[in-house]
Amino acid sequence: MESFPEEPLSLSAADGFGYFPADINQTLSGGRYTIVRKLGWGPRSSTWLVCEKDGGDLDTCYSAVQIFTAARSKEVESRLVPILQKMICYADPSTVPCLRSTFWESSIHGEHVCLVMKPHGLPFSDVLRDAKSRQAGLPVLIVQFTTSEIVNVLDLLHGKKVRVMHAGVKLENLVLGAETSAHALQTHISENPPSETQIVDGFPVVRSQPLANDPVDWTDPMRWVVGCWMLVLAGFGHAQGAPYTPESGFDYSSAPETLLENPTCGFATDIWMLGCLVFQLLTGRSLLTSMGTPSERLGKIRDILQDWIPSSWLGDATVQALPKEDPSTQSLEQQLKQNLTKDEVSAAYRFLRKCLVIDPAGRMSSRQLIRDEWVREGGQCSCGFK
(Lines give C-alpha, C1' and ligand atoms only; values in the text may rest on other atoms or scores of the structure.)
Protein backbone atom coordinates (compact mmCIF):
# COMPACT_ATOMS: atom_id res chain seq x y z
CA MET A 1 0.00 0.00 0.00
CA GLU A 2 1.42 3.38 -1.04
CA SER A 3 1.66 5.92 1.77
CA PHE A 4 0.26 9.45 1.70
CA PRO A 5 2.94 12.18 1.45
CA GLU A 6 0.88 14.66 3.49
CA GLU A 7 -2.43 14.19 5.32
CA PRO A 8 -3.58 10.54 5.68
CA LEU A 9 -6.69 10.71 3.52
CA SER A 10 -7.73 7.11 4.14
CA LEU A 11 -8.10 7.49 7.93
CA SER A 12 -11.72 7.95 8.93
CA ALA A 13 -13.48 10.15 11.46
CA ALA A 14 -13.64 7.09 13.72
CA ASP A 15 -9.83 7.08 13.62
CA GLY A 16 -9.86 10.72 14.77
CA PHE A 17 -9.28 12.17 11.30
CA GLY A 18 -11.44 12.12 8.18
CA TYR A 19 -9.70 14.64 5.93
CA PHE A 20 -11.60 16.09 2.99
CA PRO A 21 -10.27 14.50 -0.25
CA ALA A 22 -10.12 17.62 -2.41
CA ASP A 23 -8.65 18.03 -5.89
CA ILE A 24 -7.63 20.86 -8.22
CA ASN A 25 -10.59 22.36 -10.17
CA GLN A 26 -13.08 20.78 -7.75
CA THR A 27 -15.96 23.08 -6.85
CA LEU A 28 -17.16 23.80 -3.33
CA SER A 29 -20.24 25.36 -1.72
CA GLY A 30 -22.61 24.43 -4.52
CA GLY A 31 -20.24 25.62 -7.26
CA ARG A 32 -19.46 29.00 -5.73
CA TYR A 33 -15.75 28.29 -5.25
CA THR A 34 -13.26 26.45 -7.49
CA ILE A 35 -10.08 24.98 -6.00
CA VAL A 36 -6.94 26.43 -7.60
CA ARG A 37 -4.13 24.95 -5.49
CA LYS A 38 -3.36 23.42 -2.12
CA LEU A 39 -1.80 25.81 0.38
CA GLY A 40 -1.05 23.46 3.28
CA TRP A 41 -2.35 21.04 5.85
CA GLY A 42 -2.18 20.38 9.58
CA PRO A 43 -3.30 17.88 12.23
CA ARG A 44 -6.97 18.82 11.85
CA SER A 45 -7.44 20.44 8.45
CA SER A 46 -6.19 21.16 4.96
CA THR A 47 -6.21 24.61 3.34
CA TRP A 48 -6.91 25.40 -0.31
CA LEU A 49 -6.73 28.49 -2.50
CA VAL A 50 -10.05 28.99 -4.27
CA CYS A 51 -11.37 31.45 -6.80
CA GLU A 52 -14.87 32.85 -6.97
CA LYS A 53 -16.39 34.43 -10.02
CA ASP A 54 -18.45 37.48 -9.16
CA GLY A 55 -20.29 39.06 -12.05
CA GLY A 56 -18.05 38.07 -14.93
CA ASP A 57 -14.63 36.81 -15.92
CA LEU A 58 -12.93 40.03 -14.88
CA ASP A 59 -14.32 39.92 -11.33
CA THR A 60 -12.38 37.03 -9.78
CA CYS A 61 -11.94 36.94 -6.02
CA TYR A 62 -9.46 34.62 -4.30
CA SER A 63 -9.80 33.19 -0.80
CA ALA A 64 -8.29 30.45 1.33
CA VAL A 65 -10.69 27.71 2.43
CA GLN A 66 -9.65 25.75 5.51
CA ILE A 67 -11.49 22.41 5.45
CA PHE A 68 -11.54 20.62 8.81
CA THR A 69 -11.61 16.89 9.35
CA ALA A 70 -14.95 15.22 9.89
CA ALA A 71 -13.80 14.28 13.39
CA ARG A 72 -13.19 17.90 14.41
CA SER A 73 -15.74 19.90 12.43
CA LYS A 74 -18.51 20.09 15.03
CA GLU A 75 -16.05 21.20 17.70
CA VAL A 76 -14.63 23.84 15.35
CA GLU A 77 -18.10 25.16 14.55
CA SER A 78 -19.07 25.43 18.21
CA ARG A 79 -15.77 26.70 19.64
CA LEU A 80 -13.47 28.23 17.03
CA VAL A 81 -15.92 29.93 14.68
CA PRO A 82 -17.44 32.15 17.43
CA ILE A 83 -13.93 33.24 18.42
CA LEU A 84 -13.02 34.19 14.86
CA GLN A 85 -16.36 35.99 14.41
CA LYS A 86 -15.73 37.99 17.56
CA MET A 87 -12.25 38.94 16.36
CA ILE A 88 -13.67 40.42 13.13
CA CYS A 89 -15.11 43.28 15.17
CA TYR A 90 -11.88 44.26 16.91
CA ALA A 91 -8.74 42.80 15.30
CA ASP A 92 -6.51 44.28 12.63
CA PRO A 93 -7.25 41.92 9.69
CA SER A 94 -3.62 42.18 8.55
CA THR A 95 -2.28 40.58 11.75
CA VAL A 96 -4.70 37.68 12.43
CA PRO A 97 -6.79 35.29 10.31
CA CYS A 98 -9.75 37.12 8.77
CA LEU A 99 -12.87 34.95 8.62
CA ARG A 100 -15.07 35.81 5.64
CA SER A 101 -17.73 33.12 5.82
CA THR A 102 -18.36 29.45 6.58
CA PHE A 103 -20.09 26.55 4.83
CA TRP A 104 -20.29 22.75 5.01
CA GLU A 105 -19.15 20.07 2.57
CA SER A 106 -19.76 16.32 2.49
CA SER A 107 -17.26 13.57 1.69
CA ILE A 108 -16.86 9.83 2.12
CA HIS A 109 -15.74 10.58 5.69
CA GLY A 110 -18.76 12.69 6.68
CA GLU A 111 -19.47 16.39 7.10
CA HIS A 112 -16.74 19.05 7.06
CA VAL A 113 -16.95 22.65 8.22
CA CYS A 114 -15.12 25.02 5.86
CA LEU A 115 -13.80 28.45 6.86
CA VAL A 116 -13.33 31.03 4.12
CA MET A 117 -10.33 33.21 5.02
CA LYS A 118 -7.92 35.72 3.55
CA PRO A 119 -4.93 33.81 2.06
CA HIS A 120 -1.57 33.94 3.81
CA GLY A 121 1.93 33.52 2.47
CA LEU A 122 5.02 31.57 3.48
CA PRO A 123 5.67 30.37 7.03
CA PHE A 124 7.92 32.68 9.05
CA SER A 125 10.04 29.62 9.83
CA ASP A 126 11.44 29.95 6.30
CA VAL A 127 12.99 33.30 7.27
CA LEU A 128 14.57 31.81 10.40
CA ARG A 129 15.80 28.78 8.43
CA ASP A 130 17.55 31.03 5.92
CA ALA A 131 19.14 33.07 8.72
CA LYS A 132 20.41 29.89 10.41
CA SER A 133 22.40 29.10 7.26
CA ARG A 134 24.52 32.20 7.95
CA GLN A 135 24.13 32.80 11.67
CA ALA A 136 22.26 31.29 14.61
CA GLY A 137 19.12 33.41 14.76
CA LEU A 138 17.53 36.56 13.38
CA PRO A 139 18.96 40.06 13.91
CA VAL A 140 17.82 41.43 17.26
CA LEU A 141 15.97 44.41 15.75
CA ILE A 142 13.90 42.09 13.56
CA VAL A 143 13.07 39.96 16.62
CA GLN A 144 12.06 43.06 18.55
CA PHE A 145 9.82 44.21 15.71
CA THR A 146 8.26 40.74 15.46
CA THR A 147 7.75 40.62 19.23
CA SER A 148 6.05 44.00 19.19
CA GLU A 149 3.61 42.80 16.51
CA ILE A 150 2.76 39.63 18.44
CA VAL A 151 2.35 41.43 21.75
CA ASN A 152 -0.13 43.82 20.16
CA VAL A 153 -2.19 40.90 18.88
CA LEU A 154 -2.12 39.21 22.31
CA ASP A 155 -3.16 42.45 23.98
CA LEU A 156 -6.23 42.59 21.75
CA LEU A 157 -7.06 38.93 22.36
CA HIS A 158 -6.59 39.21 26.12
CA GLY A 159 -8.48 42.50 26.36
CA LYS A 160 -11.92 42.94 27.88
CA LYS A 161 -13.75 42.86 24.53
CA VAL A 162 -12.39 39.53 23.29
CA ARG A 163 -10.95 37.55 26.28
CA VAL A 164 -9.43 34.80 24.15
CA MET A 165 -6.38 32.68 24.95
CA HIS A 166 -4.50 32.01 21.71
CA ALA A 167 -2.72 28.85 22.96
CA GLY A 168 -0.57 28.56 19.84
CA VAL A 169 2.08 31.28 20.04
CA LYS A 170 4.65 29.16 18.22
CA LEU A 171 6.93 29.56 15.23
CA GLU A 172 4.75 27.19 13.20
CA ASN A 173 1.81 29.58 13.57
CA LEU A 174 3.63 32.76 12.56
CA VAL A 175 3.16 33.36 8.84
CA LEU A 176 3.88 36.07 6.33
CA GLY A 177 1.27 37.92 4.37
CA ALA A 178 0.83 37.49 0.63
CA GLU A 179 -0.08 39.74 -2.25
CA THR A 180 -3.71 38.75 -2.72
CA SER A 181 -4.98 40.97 -5.51
CA ALA A 182 -6.54 39.02 -8.37
CA HIS A 183 -3.85 40.14 -10.83
CA ALA A 184 -0.98 39.25 -8.50
CA LEU A 185 -2.40 35.81 -7.73
CA GLN A 186 -3.23 35.04 -11.36
CA THR A 187 0.33 35.95 -12.34
CA HIS A 188 1.81 33.86 -9.52
CA ILE A 189 -0.37 30.85 -10.38
CA SER A 190 0.48 31.04 -14.08
CA GLU A 191 4.19 31.13 -13.25
CA ASN A 192 3.84 28.41 -10.58
CA PRO A 193 1.06 26.04 -11.68
CA PRO A 194 -0.41 23.58 -9.16
CA SER A 195 1.31 20.25 -8.72
CA GLU A 196 -0.09 17.27 -10.58
CA THR A 197 -2.67 15.19 -8.72
CA GLN A 198 -1.74 11.60 -7.93
CA ILE A 199 -4.13 8.83 -6.94
CA VAL A 200 -3.22 6.87 -3.78
CA ASP A 201 -5.62 4.24 -2.44
CA GLY A 202 -8.34 5.77 -4.57
CA PHE A 203 -7.88 9.26 -3.09
CA PRO A 204 -6.65 12.37 -4.96
CA VAL A 205 -3.31 13.44 -3.51
CA VAL A 206 -2.21 17.05 -4.02
CA ARG A 207 1.02 18.45 -2.61
CA SER A 208 1.02 21.77 -0.76
CA GLN A 209 2.30 24.94 -2.44
CA PRO A 210 2.17 27.95 -0.08
CA LEU A 211 1.87 31.34 -1.73
CA ALA A 212 5.33 32.79 -2.28
CA ASN A 213 4.50 35.93 -4.24
CA ASP A 214 5.64 38.40 -1.58
CA PRO A 215 9.03 37.01 -0.44
CA VAL A 216 11.10 38.56 2.34
CA ASP A 217 14.69 38.06 3.44
CA TRP A 218 16.26 38.21 6.89
CA THR A 219 18.90 40.58 5.50
CA ASP A 220 16.26 43.14 4.46
CA PRO A 221 16.99 46.61 5.92
CA MET A 222 14.73 47.60 8.79
CA ARG A 223 13.00 50.22 6.64
CA TRP A 224 11.92 47.40 4.35
CA VAL A 225 11.06 45.05 7.22
CA VAL A 226 8.77 47.58 8.87
CA GLY A 227 7.26 48.95 5.70
CA CYS A 228 6.74 45.74 3.75
CA TRP A 229 6.77 42.69 6.02
CA MET A 230 3.24 41.53 6.87
CA LEU A 231 3.27 39.28 9.93
CA VAL A 232 0.21 37.22 10.80
CA LEU A 233 -0.31 35.29 14.03
CA ALA A 234 -2.36 32.35 12.77
CA GLY A 235 -2.93 28.90 14.28
CA PHE A 236 -6.12 29.57 16.25
CA GLY A 237 -7.06 25.90 16.24
CA HIS A 238 -6.47 25.57 20.00
CA ALA A 239 -7.72 29.03 21.00
CA GLN A 240 -10.37 29.16 23.67
CA GLY A 241 -12.51 31.51 25.66
CA ALA A 242 -13.22 31.22 29.37
CA PRO A 243 -13.09 28.92 31.21
CA TYR A 244 -9.58 28.06 30.02
CA THR A 245 -8.70 24.37 30.24
CA PRO A 246 -5.53 22.69 28.92
CA GLU A 247 -6.11 20.23 26.09
CA SER A 248 -4.79 16.78 26.91
CA GLY A 249 -1.75 15.88 24.83
CA PHE A 250 -1.17 19.41 23.51
CA ASP A 251 2.22 21.01 24.16
CA TYR A 252 1.96 24.59 25.40
CA SER A 253 5.73 25.07 24.93
CA SER A 254 6.17 23.28 28.28
CA ALA A 255 4.43 26.05 30.21
CA PRO A 256 4.94 24.90 33.84
CA GLU A 257 1.29 25.20 34.86
CA THR A 258 0.33 22.76 32.07
CA LEU A 259 2.81 20.13 33.30
CA LEU A 260 1.15 19.69 36.70
CA GLU A 261 -0.98 16.67 37.55
CA ASN A 262 -3.80 19.20 37.95
CA PRO A 263 -2.91 21.48 35.03
CA THR A 264 -4.20 24.97 34.35
CA CYS A 265 -3.77 27.51 31.57
CA GLY A 266 -4.74 31.07 30.76
CA PHE A 267 -3.46 34.34 29.34
CA ALA A 268 -0.17 33.86 31.22
CA THR A 269 0.35 30.65 29.22
CA ASP A 270 0.37 32.71 26.03
CA ILE A 271 3.03 34.94 27.58
CA TRP A 272 5.19 31.91 28.43
CA MET A 273 4.84 30.67 24.85
CA LEU A 274 5.82 34.12 23.59
CA GLY A 275 9.01 33.98 25.67
CA CYS A 276 9.90 30.57 24.21
CA LEU A 277 9.25 31.85 20.68
CA VAL A 278 11.41 34.96 21.17
CA PHE A 279 14.27 32.80 22.45
CA GLN A 280 13.95 30.61 19.34
CA LEU A 281 13.99 33.63 17.02
CA LEU A 282 17.07 35.04 18.74
CA THR A 283 19.10 31.83 18.85
CA GLY A 284 17.68 29.63 16.11
CA ARG A 285 16.96 26.78 18.54
CA SER A 286 14.26 25.76 20.99
CA LEU A 287 14.79 26.52 24.66
CA LEU A 288 12.87 23.47 25.89
CA THR A 289 11.91 20.01 24.74
CA SER A 290 8.67 18.08 25.01
CA MET A 291 10.61 14.91 25.78
CA GLY A 292 10.62 13.33 29.23
CA THR A 293 8.10 13.11 32.04
CA PRO A 294 6.31 16.24 33.25
CA SER A 295 8.49 16.19 36.38
CA GLU A 296 11.68 15.95 34.33
CA ARG A 297 10.58 18.80 32.08
CA LEU A 298 9.62 21.00 35.02
CA GLY A 299 12.95 20.24 36.70
CA LYS A 300 14.78 21.30 33.54
CA ILE A 301 12.83 24.56 33.46
CA ARG A 302 13.67 25.21 37.11
CA ASP A 303 17.38 24.72 36.39
CA ILE A 304 17.46 26.81 33.20
CA LEU A 305 15.59 29.73 34.76
CA GLN A 306 17.09 29.26 38.23
CA ASP A 307 13.61 29.95 39.48
CA TRP A 308 11.46 28.82 42.42
CA ILE A 309 8.52 26.44 42.40
CA PRO A 310 5.40 28.18 43.80
CA SER A 311 4.57 27.01 47.29
CA SER A 312 0.97 26.39 46.22
CA TRP A 313 2.24 23.67 43.88
CA LEU A 314 4.18 21.68 46.45
CA GLY A 315 1.36 19.21 46.97
CA ASP A 316 1.08 18.38 43.25
CA ALA A 317 2.37 14.95 42.21
CA THR A 318 4.47 16.41 39.38
CA VAL A 319 6.29 18.72 41.77
CA GLN A 320 6.74 16.01 44.37
CA ALA A 321 8.54 13.88 41.76
CA LEU A 322 10.94 16.65 40.67
CA PRO A 323 14.52 15.46 40.10
CA LYS A 324 17.36 17.06 42.03
CA GLU A 325 18.83 20.27 40.69
CA ASP A 326 21.42 19.74 37.96
CA PRO A 327 24.24 22.30 38.34
CA SER A 328 25.56 21.42 34.86
CA THR A 329 22.44 22.79 33.16
CA GLN A 330 23.15 25.95 31.19
CA SER A 331 21.09 28.88 32.44
CA LEU A 332 18.97 31.04 30.17
CA GLU A 333 21.55 33.83 30.29
CA GLN A 334 24.41 31.46 29.47
CA GLN A 335 22.51 30.15 26.45
CA LEU A 336 21.87 33.67 25.16
CA LYS A 337 25.57 34.47 25.45
CA GLN A 338 26.31 31.84 22.83
CA ASN A 339 24.64 33.96 20.14
CA LEU A 340 24.30 37.58 21.25
CA THR A 341 26.63 40.41 22.20
CA LYS A 342 26.95 41.44 25.83
CA ASP A 343 24.55 44.38 25.45
CA GLU A 344 22.09 42.28 23.44
CA VAL A 345 22.15 39.54 26.08
CA SER A 346 21.40 41.97 28.88
CA ALA A 347 18.37 43.52 27.16
CA ALA A 348 16.98 40.24 25.81
CA TYR A 349 17.41 38.47 29.15
CA ARG A 350 15.51 41.20 31.00
CA PHE A 351 12.62 40.86 28.57
CA LEU A 352 12.56 37.06 28.56
CA ARG A 353 12.52 36.87 32.36
CA LYS A 354 9.30 38.88 32.31
CA CYS A 355 7.71 36.11 30.23
CA LEU A 356 9.55 33.02 31.44
CA VAL A 357 8.58 32.79 35.09
CA ILE A 358 7.53 29.45 36.56
CA ASP A 359 4.68 30.98 38.54
CA PRO A 360 2.08 32.27 36.01
CA ALA A 361 1.16 35.04 38.45
CA GLY A 362 4.69 36.39 38.15
CA ARG A 363 4.61 36.89 34.40
CA MET A 364 3.84 40.24 32.86
CA SER A 365 0.53 40.67 31.08
CA SER A 366 0.35 41.58 27.41
CA ARG A 367 -0.69 45.10 28.39
CA GLN A 368 2.37 45.44 30.62
CA LEU A 369 4.63 44.06 27.88
CA ILE A 370 3.46 46.73 25.44
CA ARG A 371 5.08 49.26 27.76
CA ASP A 372 8.26 47.19 28.18
CA GLU A 373 11.39 48.95 26.88
CA TRP A 374 12.53 46.03 24.70
CA VAL A 375 9.08 45.74 23.06
CA ARG A 376 8.71 49.51 22.69
CA GLU A 377 12.00 49.62 20.78
CA GLY A 378 10.47 47.17 18.32
CA GLY A 379 7.33 49.30 18.10
CA GLN A 380 9.42 52.44 17.66
CA CYS A 381 11.00 50.80 14.62
CA SER A 382 7.50 50.81 13.15
CA CYS A 383 6.90 54.44 14.01
CA GLY A 384 10.31 55.50 12.83
CA PHE A 385 10.33 53.75 9.46
CA LYS A 386 6.76 53.68 8.25
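Which residues does Phe236 touch, not counting residues up to four places away in sequence? Phe236 touches Leu80, Leu84, Met87, Val96, Pro97, Leu157 and His166, where contact means heavy atoms within 4.5 Å. This is a predicted model, in which local features need pLDDT of at least 70 and side-chain atom pairs count only at pLDDT 80 or more, while totals for chains, interfaces and linings use all residues. Residues are numbered from 1 along each chain as its sequence is written, and side-chain values use heavy atoms, with hydrogens and water left out.

**Phe236**

- Phe236 is found in the loop between strand 11 (231-233) and strand 12 (240-241). Strands (E, at least two residues) and helices (H or I, at least four) are DSSP runs, numbered from the N terminus.
- Phe236 has a relative accessible area of 4%, so this residue is buried. Buried means under 20% relative accessible area, exposed over 50%, and partly exposed in between, with a 1.4 Å probe and protein chains only.
- Phe236 and Glu325 are 89 residues apart in sequence. In space they are 36 Å apart, C-alpha to C-alpha.

**Nonpolar cores**

- The largest nonpolar core has 83 residues. Such a core is a set of buried Ala, Val, Leu, Ile, Met, Phe, Trp, Tyr and Cys residues joined through side-chain atoms within 4.5 Å.
- Leu115, Phe124, Leu138 and Leu274 have the most contacts inside the largest core.
- Helix 6 (residues 267-283) gives the most to this core, with 11 residues.
- Leu274 is in contact with Thr147, Ile150, Val151, Leu154, Val169, Phe351, Cys355 and Leu369, leaving aside its neighbours within four places in sequence.
- A second, separate core has 14 residues, including Ala22, Ile35, Trp48 and Val116.

**Strand 6 and its partners**

- Strand 6 (residues 110-117) is largely enclosed by the rest of the structure, because six of its eight residues are buried.
- Strand 5 (residues 99-107) and strand 6 run antiparallel, joined by eight bridges. Two strands pair if DSSP finds at least two bridges between them.
- These two strands form a hairpin with two residues between them. Glu105 stands opposite His112 in strand 6.
- Strand 4 (residues 60-68) also pairs with strand 6 in the antiparallel sense, over four bridges. Here Ile67 stands opposite Cys114.

**The largest pocket**

- The largest pocket holds about 1,100 Å³ of space. A pocket is an open set of points on a 1 Å grid over the protein atoms alone, with protein on both sides within 12 Å along at least five of seven lines. A volume is the space filled by probe spheres set on the points, which are joined across faces, edges and corners.
- This pocket is lined by 35 residues; Trp41, Thr47, Gln66, Glu172 and Asn173 are the closest to its centre. Lining residues have an atom within 4 Å of a point.
- Strand 4 gives the largest share of the lining, four residues.

**Cavities**

- The whole structure has four cavities of 30 Å³ or more. In a cavity, a 1.4 Å probe fits but cannot get out.
- The largest cavity has a volume of about 100 Å³. Among the residues that line it are Pro93, Cys98, His120 and Met230.
- The second largest cavity has a volume of about 70 Å³. It is lined by 13 residues, of which Glu7, Leu9, Lys38, Val205 and Val206 lie nearest its centre.
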